[in-house]
Amino acid sequence: MGSQKINSLVAGSLLATGLACGAGSALAYEAGDIILRAGVASVQPDESSSALNVVGSGPIPGTSAGVDNNEQLGLTGTYMLTSNMGIGLLAATPFEHDITANGLGVDAGSTKHLPPTLTLQYFPMDSASDFQPYVGIGVNYTAFFDEKVDSELEGALNSRGDLELDDSIGLALEAGFDYAFDEHWVLNAAVWYIDIETSADFKFDNGARVQADVDIDPWVYMVGLGYKF
């Protein structure tokens, strides 16, 4: 699922439900309510990176690290503190990303990560409105695991390699909406901007070592269904 398709789907859903902003009162958000949601989540990095640095030799001009998109099952939840304020949690099945060595023309490796994100959410509409937009701000913790060096890079260096990525803690911003079908079921669409910074450290059996600092800074898009308890 490409970035244009995800962006169009979210934008179209926002437009369609925005027209219903003043609709009925099937949904009522009150203190103590729990809204659980599930759907397709797409992580689309807006990455930038330092040049790949060969330890002992220095940076390689014109190089950088690239990170591709990935889609997984997204899970979110909101616990309403009041009729207008809630605590939100973003979770998902593990995302997996290929890492490229831009400027060298080879695949560098891959990694999986979990990006749990906790936010304080504000719902500006009347609690009885079917249309419930919200914004949030909070913190993200990204845990990287199952890092692997690509065989293409190992072949280029004629050596087996190991990859380590530092975990990240950063700011998270979000915006989204719920639109009620009835007293319990809702359509949801949301977007997050997450500050994720990591250091990549490639170590090879022949003694070679390559490092790079990477700002992944992804946009995360999700469309799904929710249920209010």
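**Notes on the predicted model**

1. The protein has two helices and 17 strands, where helices (H or I, at least four residues) and strands (E, at least two) are DSSP runs numbered from the N terminus. This is a predicted model, in which local features need pLDDT of at least 70 and side-chain atom pairs count only at pLDDT 80 or more, whereas totals for chains, interfaces and linings use all residues. Residues are numbered from 1 along each chain as its sequence is written, and side-chain values use heavy atoms, with hydrogens and water left out.

2. Of the protein's 229 residues, 44% count as buried, that is, under 20% relative accessible area, with exposed meaning over 50% and partly exposed in between (1.4 Å probe, protein chains only).

3. Among contacts (heavy atoms within 4.5 Å) between residues at least 6 apart in sequence, 72% join residues at least 24 apart.

4. A nonpolar patch on the surface includes I34, L36, Y79, L81 and F229, and its residues together have about 1100 Å² of accessible area. Patches of this kind join nonpolar side chains (Val, Leu, Ile, Met, Phe, Trp, Tyr) within 5 Å, using residues with over 30% relative accessible area and no salt bridge, the latter being a side-chain nitrogen of Lys or Arg within 4 Å of a carboxyl oxygen of Asp or Glu; accessible areas come from the Shrake-Rupley method with a 1.4 Å probe, and for residues only the protein chains shown count as cover.

5. Y79, one of the patch residues, is found in strand β6 (residues 70-80), and Y79 counts as partly exposed because its relative accessibility is 41%.

Conventions
Patch = residues over 30% accessible without salt bridge, like charges linked within 9 Å, V, L, I, M, F, W, Y side chains within 5 Å.
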